[in-house]
Amino acid sequence: MSTDTATATTAAPAAEQKAPPGPGMRFVNWGANYIEDRTSLSGMVKELGRKIFPDHWSFMLGEVALYSFVVILLSGTFLTFFFQASMAPVIYEGAYPTMKGVEMSAAMASTLDISFEVRGGLLMRQVHHWAALLFVASIGLHMLRVFFTGAFRKPREINWVVGFLLFILAMAEGFTGYSLPDDLLSGNGLRIIDGMVKGVPVIGTWISYLLFGGEFPGEAIVGRLYMLHIMLLPALVIAAIGVHMILLIVNKHTQFAGPGRTQENVVGAPILPVFAAKAAGFFFIVFGVIMVIASTVTINPIWNYGPYDPSPVSAGTQPDWYIGFADGMLRLIPPHLETEIFGFTFTWYILIPIVVLGLFLVVVALYPFIEGWVTGDKREHHIADRPRNAPARTAIGAAGVTFYAVMWAAASSDLIATHFRLSIEWVTHTLQALLILGPIIAYLVTKRVCLGLQKKDREIALHGFESGRIVRLPGGEYIEVHEQLSDYDRWRLVSYEEYAPLMVRPNTNGKITVSTKLRGALSRWFFEDRIAPVTRAEIEASHHGH
Amino acid sequence: MTSATSADAASETQVAKLTADGEKLFAANCASCHGLQAQGTEDAPTLIGVGAASVDFQVGTGRMPMAAQGPQAEKKPVQFTDEQIAALAAWVASLGPGPSIPEAQYLEGDDLATGAELFRINCAMCHNVAGAGGALTEGKFAPALAGVEAKHIYEAMITGPQNMPVFNDANISPEDKANIISYLKYVEESGSPGGLDLGNLGPVSEGLFVWIFALGAIVAITIWLTAKSN
């Protein structure tokens, strides 16, 4: 026990041997023993402290998300001290001249007070909002990294799903927070949500009344969103982060292939002390970047937007970026698609976007299982793929990113039109075409590029790279000398796994079911173009050849 | 406000001279499109009854003489001096009654909050809440309002250039027009209390900013950090 404690509290035994510890050290020792006797924490600290984190810049994106979430919690707590989640009408009598004497909800008035009366309030609002945008953005980038390196494969499928939930929760946190000030911009956002809900056949109107506590906008929604925003959603986010971290520790971190890095080990820095120190430093860097931006760049100037009022809508009304893809989908669907069946109106221009967005998200959430089923791959993977070495997946990812990006761009179609001097109709029609063609083109191009890169890698692994040195042979022939790679460099190029399409085999009853056939077809499509990794024999053969 | 207001101060002969100058300038610069008597042609509408305000706005903001056919006549560097514009306006105003150039008292109001509210209700759907501009259909757009002279804002409201509706005194009283002008000037001059305003374009520019600058900076730092250790 006592030795454990000593390890956990750093350097205590060494000090004991040399001289009797000073009062400070004695206090630390006593404190550590006190806690250890009551919790037996040291075992866990030791265990956790030995966890290894590999070093690669792209592995730090999840950390960025985590640290911006901490900043959100800190600044958000500050905001709750002053925000009033009430839609009761008040007359604003604060400092901002263009709002003086205007009737607005208490929520809006208190947000203006935070901005102009509370010391540091505007800064905190801006810190909170910028950190929120960064939070979702870093989650997005982190997800892309995990996707393109195949880090979601067995045994990490579940953690992918947990991460996906975090992404959804983060968007929900963002949207509820965005709506709280009850300003014109966010009110229009809620109006769109209301419209979407009402567009659901039969039950839509009922649900809308339930949500808003009566006819939109009602007097209840801000209070309700506030509850979600500061209690339920943060609790869920924290719980999901907890599960995410635990699974990360259980599954260990993936790493890129390299000499000495195998499926069985993780090469990097242990949490204690190296990684923890680095992480703490990195936290302050992220915090610092957010602070610099928040103190110099305006975000969500509600004093321009004014209080919510159902009649005016501003040009350039957009949601925060992470909801943009949904807004864009609504803008891309051709208008007037409606049918009336049995007295119920089916508003397809709302239902189709809901279905498309829903399907898109479901595919993202379930992708690990889909890929696992198609490839029939049951192996555990701890070495991250280089994107080029999984051309089909990388191409699917590129198609998905394109699809998302087109929807996202559509959310700013009006700004694209004014800033590039185009007509808005032209922009919309182009984006409509791109929504369908873009992913296909992205898929084909990405796959070609991946295969090309793989071929090049293979060339280099076998024959070395072109040194630029031209030599004239005695016979008069010119050749370019190829420099051989070091074994270290070659490792990176050749160590990836080989796949083959699944064979379609009859099941125990001797039948080939439809799903087996489908699976076989998908698997062939997934693997049809592939470049086999270089084998040892090939390398040796090529060396003899020279 | 009648078309006689501008004539009140000047004597009859000066007005006559101004109008005569205006006629000449018009014949030289505008008649090719609008016709010698401003009666209108296939290329351009009649100017009879558009009033001095319309001419002052169109020529004073550089929209007229129109350069190229496009979705809408756009602002260009102004091509005439103030006197020449006044002359053109006087001649067009003499053709038929129409809104005249506003007097200074209507260019500054004292109720910013009302101005802001009226702007949100009447103008923001085209010009954006902070006057940053916005897209209309078929390549037309409502321009950003920063830097527009107070009298031109007033004239835009009473003449309704191109796709902009006319806001007559029954819609928005002259005092409230003044309040709107003061609101726009306040937004322009006070700057954003929060720092850089990113063009007042709202969440789109904020989103781009966070991806490019915030995440960009952080990714650059991560690359630098891991490069050092390797």
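A: We begin with burial: a residue is called buried under 20% relative accessible area, exposed over 50% and partly exposed in between, using a 1.4 Å probe and the protein chains only. This is a predicted model, in which local features need pLDDT of at least 70, side-chain atom pairs count only at pLDDT 80 or more, and totals for chains, interfaces and linings use all residues. Residues are numbered from 1 along each chain as its sequence is written, chains are lettered from A and ligands numbered from 1 in the order in which they are written, and side-chain values use heavy atoms, with hydrogens and water left out.

Q: Is A:Phe83 buried or exposed, and where is its place in chain A?

A: A:Phe83 has a relative accessible area of 13%, so it is buried. It belongs to the loop between α5 (61–80) and β2 (89–91) of chain A; helices (H or I, at least four residues) and strands (E, at least two) are DSSP runs, numbered from the N terminus.

Q: Which residues is A:Phe83 in contact with, leaving aside neighbours within four places in sequence?

A: Contact means heavy atoms within 4.5 Å. With those neighbours set aside, A:Phe83 is in contact with A:Ala107, A:Ser110, A:Thr111, A:Ile114, A:Leu180, A:Val222 and A:Tyr226. The C-alpha atom of A:Phe83 is separated by 8.7 Å from that of A:Ala106, a residue 23 residues apart from it along the chain.

Q: Where is the place of A:His244, and what does A:His244 touch?

A: A:His244 is found in helix α11 (residues 221–251) of chain A and counts as buried, at 15% relative accessibility. Beyond four places in sequence, A:His244 touches A:His142, A:Asn159, A:Val162, A:Gly163 and A:Leu166.

Q: How should I describe chain A as a whole?

A: Chain A contains 21 helices and 10 strands, and its C-alpha atoms fill a box of roughly 90 × 80 × 65 Å along the principal axes. Of its 546 residues, 47% are buried. Among the contacts in chain A with a separation of 6 or more, 74% are between residues 24 or more positions apart.

Q: Which residues touch the most other members of the largest nonpolar core?

A: A nonpolar core is a set of buried Ala, Val, Leu, Ile, Met, Phe, Trp, Tyr and Cys residues joined through side-chain atoms within 4.5 Å. The largest one has 114 residues, and A:Trp130 and A:Leu134 touch the most other members. Helix α7 (residues 121–148) of chain A gives the largest share, 15 residues. This core lies between domain 2 (64–256 + 298–353) and domain 3 (386–546) of chain A, because both give residues to it; the domain bounds come from an automatic or database domain assignment.

Q: What does A:Leu134 touch, not counting residues up to four places away in sequence?

A: A:Leu134 touches A:Val64, A:Ser68, A:Val286 and A:Ile290 in chain A, together with B:Val210, B:Ala214, B:Leu215 and B:Ile218 in chain B. Apart from this core lies another of 20 residues, including B:Leu118, B:Leu145, B:Ile158 and B:Tyr183.

Q: Which salt bridge crosses between chains?

A: A:Arg421 and B:Glu74 meet in one such salt bridge, at 2.6 Å from N to O. It runs from the loop between α17 (413–419) and α18 (424–463) of chain A to the loop between α4 (51–60) and α5 (82–95) of chain B. A:Arg421 is exposed at 54% relative accessibility, whereas B:Glu74 is partly exposed at 30%.

How values were computed. Salt bridge = Lys/Arg side-chain N within 4 Å of Asp/Glu carboxyl O.
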